[in-house]
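User: Could you help me learn to read a protein structure, one feature at a time? I would like to begin with the overall layout.

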Amino acid sequence: MISTLQTQRLLLQPLQLADADQTQRLFPHWEMVKFLSKQIPWPYPADGALSYYRDVALPAVERRQQWHWTLRLRRSPEEHIGSINLTAKDGHAIRGFWLGLPWQGQGLMTEAAIAVNDYCFDVLGFSVLRVPKAVVNIASRRVSEKTGMRVIATEEREYVSGKLLTEIWEITADEWREKRILIRPNKEMPS
């Protein structure tokens with residue numbers, strides 16, 4: 001069972017199959033998907049969100065290999081605005097996310113990442129969190145910088161937009177607990 005998480009402005013609710021309709025309306029925009037893994041089909045199919053949730057994400061959640069949340073503004077919890085997830089791989093966690101275009105640049109994803117980092121280390125007990133990202137994905141880079149991560153490797157990877165130079169960002173549980181003290185939970189995160 002995945003817990004609902006809360007931040008100052010967000011509710012992070014465990015993913016449900018019923019979330020697919022809202023995801024299908026929000027997700028298939030080039031500006032959002034171009035820096036995501038090439039595993040995402042493009043053009044995005046009309047049943048892409050439903051198929052992914054039903055056949056991939058929710059079965060992985062049941063196997064306790066992945067943890068998925070939808071992001072919802074606390075003032076309008078009926079509508080989700082994005083998604084964040086963790087995947088267990090080779091003894092560490094990998095975090096991924098996307099946020100609908102109207103909500104980008106407001107520090108919301110940093111807020112969500114802080115809550116998910118806490119869950120990753122304090123609830124799930126991972127000792128390392130890694131986040132691969134295209135070097136040109138500046139917005140995603142800022143989330144990692146603001147949450148105390150560091151680059152440990154650079155390599156090429158395939159994205160929806162093609163082969164790009166990729167940085168692997170990392171933080172350990174001990175590093176996170178040290179950095180977390182410096183992040184004020186009630187302070188709004190600037191973009």
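Analyst: Happy to! This is a predicted model, and its secondary structure comes to six helices and eight strands. From the N terminus on, the elements run β-β-α-α-α-β-β-β-α-β-α-β-β-α.

User: What is the radius of gyration of the protein, and what would a compact globule have?

Analyst: With 191 residues, a compact globule would have a radius of gyration near 16 Å, and the protein has 16 Å, so the two agree. Of the 191 residues, 49% count as buried.

User: Which residues of α3 are buried?

Analyst: Start with the general idea: an α-helix has 3.6 residues a turn, so residues three or four places apart point the same way. In this structure, the buried residues of α3 are Gly48, Ala49, Ser51, Tyr53, Ala57, Leu58 and Ala60. They pack against α1 (20-26) and β3 (66-73).

User: How many residues does α3 have, and where is its kink centred?

Analyst: Helix α3 has 15 residues, 48-62, and spans 20 Å from its first C-alpha to its last, close to the expected 21 Å. A kink of about 35° in α3 is centred on Arg54. After α3 comes Arg64, with a positive phi near 60°.

User: Which residues have the most contacts inside the largest nonpolar core?

Analyst: In soluble globular proteins, nonpolar side chains tend to be buried together. Here the largest nonpolar core has 50 residues, and Leu12, Trp69, Leu71, Ile84 and Leu86 have the most contacts inside it. Helix α4 (residues 108-123) gives the most to this core, with 10 residues.

How values were computed. Residues numbered from 1 in each chain as written. Predicted model: local features only at pLDDT ≥ 70, side-chain atom pairs only at ≥ 80, totals over all residues. Heavy atoms only, no water. Helix = DSSP H or I, 4+ residues; strand = E, 2+ residues; numbered from the N terminus. Expected span 1.5 Å × (residues − 1). Bend = angle between axes of the 7 residues up to and from the residue. Buried < 20%, exposed > 50% of the residue type's maximum accessible area, 1.4 Å probe, protein only. Contact = heavy atoms within 4.5 Å. Core = buried A, V, L, I, M, F, W, Y, C linked by side-chain atoms within 4.5 Å. Rg over C-alpha atoms; globule rule 2.2 N^0.38 Å.
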